[in-house]
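Subject: Structure handover

Hello,

Here is the structure I promised to pass on. Please open it and keep it beside you as you read.

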Amino acid sequence: MKNVIKRCITLLTLFNEESSQISTEYIKDNIKAYRNLSESAFKRSFERDKVLLREMGYNLDYINDKWSINEGYNLSGTAVINEIKKDEKIEFDKFINTYHIIKNYVNSNTGTKNSIIDISKLNDAIKNRKRVSFIYQNKLRKVYPMGIKLFNNSWYLGAEDNNKLKTFSLNKINNLKIGNKSELHDKDYKKIKFSWENKDYQIIIKLNLKKELYLINKNIFNHSIISKNQKNNILKLEISTYDVYGLLKFLLLTNPEKITLNKKGKKLLLEALND
Amino acid sequence: MTKKINLSTVGNFISIIKNQEIWQINKLLEKLNINYDDLLYLLTILSDIYSKNGEYFFDFDLDSENNKILFYNSVDIFDIETITDLELFKLYTLFNTIDLHIDIDTLTKKDINTFIKILKSSFKIYDLENEHEIDNKNINLNEITSIEYIKLGNSTSDFYEVEPLLITSTLEGSVLEALDLNDKKIKTFLINRIISIGESVKEESKKNIKQTEIEVIFEAKDDSVLSKFKEVRKQNNKYVAKFRNKDIAIEFFIENFTSARVISPDIVKVDVIKRVESIRELLKI
């Protein structure tokens with residue numbers, strides 16, 4: 001591990017010195033630990049180091065733009081902190097100090113979902129209006145990303161795909177690649193209707209359940225409360241939601257004794273249950 | 001070494017020491033949250049890195065007698081940006097999920113709020129407004145309190161007297177690591193299953209139930225369910241996963257009913273089917 005860490009830090013410093021597109025040969029020649037390796041051993045080590053750096057948030061991507069003379073590796077992944085550094089209104093030293101203290105109490109290194117590892121690329125694509133491609137449910141998609149949204153502990157991407165606005169779970173996005181060209185569109189969606197917000201699927205439901213069960217399961221589905229009454233430990237709720245699958249999950253987990261909803265709502269939930 | 005030193009620890013180390021040339025060793029250890037052996041290990045790694053011209057990147061003087069360490073701020077290594085967008089985004093996600101009130105001696109509430117505000121404005125550019133309610137949990141780290149908690153797989157709450165130590169994010173969501181003062185053990189509590197904090201402890205409510213691990217064979221109707229496991233193995237066309245106890249397994253398969261179907265054991269399968277049938281009964285037209 002010691003050697004891997006050393007190689008990765010050396011890689012970061014090399015990119016820091018050169019900053020622009022660096023060829024594979026240049027990397028091999030200028031990093032002592034790579035220099036004496038055979039071609040295949042170098043490739044293995046380099047790929048492993050790239051994965052490790054990616055897990056930390058650094059992207060080492062090979063840039064091969066057909067219109068550009070230069071090609072080679074670029075390092076990215078620190079755009080946000082660089083923006084914060086440049087912002088004169090922010091006391092940067094204080095920000096960094098707070099970051100380090102909070103990091104001692106908040107351990108965010110474990111259980112990183114694969115989905116957010118690509119956040120830096122998505123950040124760049126959304127801000128600079130670029131196109132991205134990725135594999136989603138075994139299909140290649142080329143989309144214009146518009147925004148992301150957190151729902152039930154998972155992030156979702158809202159993106160335009162063939163002039164239609166679609167939502168993609170970041171958990172299911174693989175092999176994300178970002179295009180080189182910026183400002184490819186001028187669309188601005190202030191509000192994206194995500195799949196769980198489709199008005200055709202609105203359900204209004206009345207139910208009675210234990211307060212505790214509501215509290216631990218309420219974030220499983222997107223909903224708004226129409227009315228709420230509490231007697232002892234029992235909550236009487238009237239809820240509106242467009243999230244059929246989320247509501248079904250909520251009902252399965254909380255197992256209420258009685259529910260009241262119209263025929264259309266029952267039909268939608270039964271369809272989801274039998275799916 | 002008490003702590004696993006990884007690339008992230010090294011990045012954190014560089015980020016901290018570049019702010020100041022001379023450090024008191026004990027203060028530096030505290031800030032880095034590592035021990036003296038870890039520090040020596042980090043110094044060994046970094047002092048062994050050379051620039052492409054064969055020069056040292058990193059140089060220091062360690063004066064243990066006077067509890068001092070001096071770093072010669074060579075330009076190269078201190079120019080590396082070690083705080084990535086991903087690291088900041090992980091914190092942003094955590095603050096977006098739970099309204100945490102972290103009480104830390106060395107930071108004021110204002111410092112924390114300013115920090116969160118900067119993070120929010122950095123990512124808010126494209127983060128569409130969330131309508132779901134953010135959990136408001138007032139957790140004061142390192143301050144003894146009591147929590148009312150519903151264990152995974154259970155539907156009734158227990159009370160614990162704890163000293164909250166650390167917030168961690170896991171596959172199951174955000175977790176509070178805390179010292180249980182009665183059991184004298186560090187335990188983990190899923191934050192979204194904490195019902196209340198600081199309420200009086202009901203002595204009679206806590207029971208120690210013996211946990212028996214259980215292996216469940218299931219079919220995945222949707223492969224995304226597999227990402228919810230730390231470990232899962234394929235057996236023919238089915239999958240096998242281990243759970244801490246049967247109640248946790250039942251809750252998992254009830255929650256993921258639309259994406260996974262239990263094959264065995266019956267002890268889990270029957271309860272999941274019963275729950276599904278009781279909801280089906282309620283939905284009868």
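Below are my notes on its sheets, salt bridges, surface and backbone.

First, the ground rules. This is a predicted model, in which local features need pLDDT of at least 70 and side-chain atom pairs count only at pLDDT 80 or more, while totals for chains, interfaces and linings use all residues. Residues are numbered from 1 along each chain as its sequence is written, chains are lettered from A and ligands numbered from 1 in the order in which they are written, and side-chain values use heavy atoms, with hydrogens and water left out.

**An open sheet in chain A**

Start with four strands of chain A. Helices (H or I, at least four residues) and strands (E, at least two) are DSSP runs, numbered from the N terminus. Two strands pair if DSSP finds at least two bridges between them. The 4 strands form an open sheet in the order β10-β11-β9-β12 (chain A), with antiparallel pairing. Which strands are at the edges? They are β10 (223-231) and β12 (259-261) of chain A, and each pairs on one side only. From one strand to the next, the twist averages 15°. Axes here are lines fitted to C-alpha atoms, for helices over the stretch in contact; angles run from 0 to 180 degrees between N-to-C directions.

Now look at one pair. β10(A) runs antiparallel to strand β11 (residues 234-241) of chain A, over 8 bridges. Within it, S227(A) stands opposite E238(A) in β11(A). Helix α11 (residues 263-274) of chain A packs on the sheet and touches β9 (203-210) and β12 of chain A. Contact means heavy atoms within 4.5 Å. The direction of α11 makes about 110° with that of β12(A).

**Strand β4 of chain A**

Move to β4 (residues 132-136) of chain A. This strand is largely enclosed by the rest of the structure, because 4 of its 5 residues are buried. Buried means under 20% relative accessible area, exposed means over 50%, and partly exposed lies in between (1.4 Å probe, protein chains only).

**Salt bridges**

A salt bridge is a side-chain nitrogen of Lys or Arg within 4 Å of a carboxyl oxygen of Asp or Glu. How many are there over all chains? The count comes to 23.

One of them joins E81(B) to K85(A), with the closest N and O atoms 2.8 Å apart. This pair crosses between chains: E81(B) is in the loop between α4 (75-78) and α5 (85-97) of chain B, and K85(A) is in helix α5 (residues 79-86) of chain A. Is E81(B) buried or exposed? E81(B) is buried, at 11% relative accessible area. K85(A) is partly exposed, at 41%.

E87(B) bridges to K90(B), with the closest N and O atoms 3.3 Å apart. They are 3 residues apart in helix α5 of chain B, so about one helical turn separates them. Both E87(B) and K90(B) are buried. Salt bridges that share partners join K103(A), E87(B) and K90(B) into one network.

In chain B, D183(B) and K187(B) also meet in a salt bridge (2.6 Å, N to O). D183(B) is partly exposed, at 27% relative accessible area.

**Backbone details**

The peptide bond from S264(B) to P265(B) is cis, with omega near 5°. P265(B) is in the loop between β14 (260-264) and α8 (266-282) of chain B.

N163(A) is not glycine, yet its phi is positive, near 65°. N163(A) lies in the loop between β6 (154-161) and β7 (164-169) of chain A. At 66% relative accessibility, N163(A) counts as exposed.

K184(B) is another non-glycine residue with a positive phi, near 55°. K184(B) sits in the loop between β8 (173-180) and β9 (185-190) of chain B. K184(B) is exposed, at 67% relative accessible area.

Best wishes
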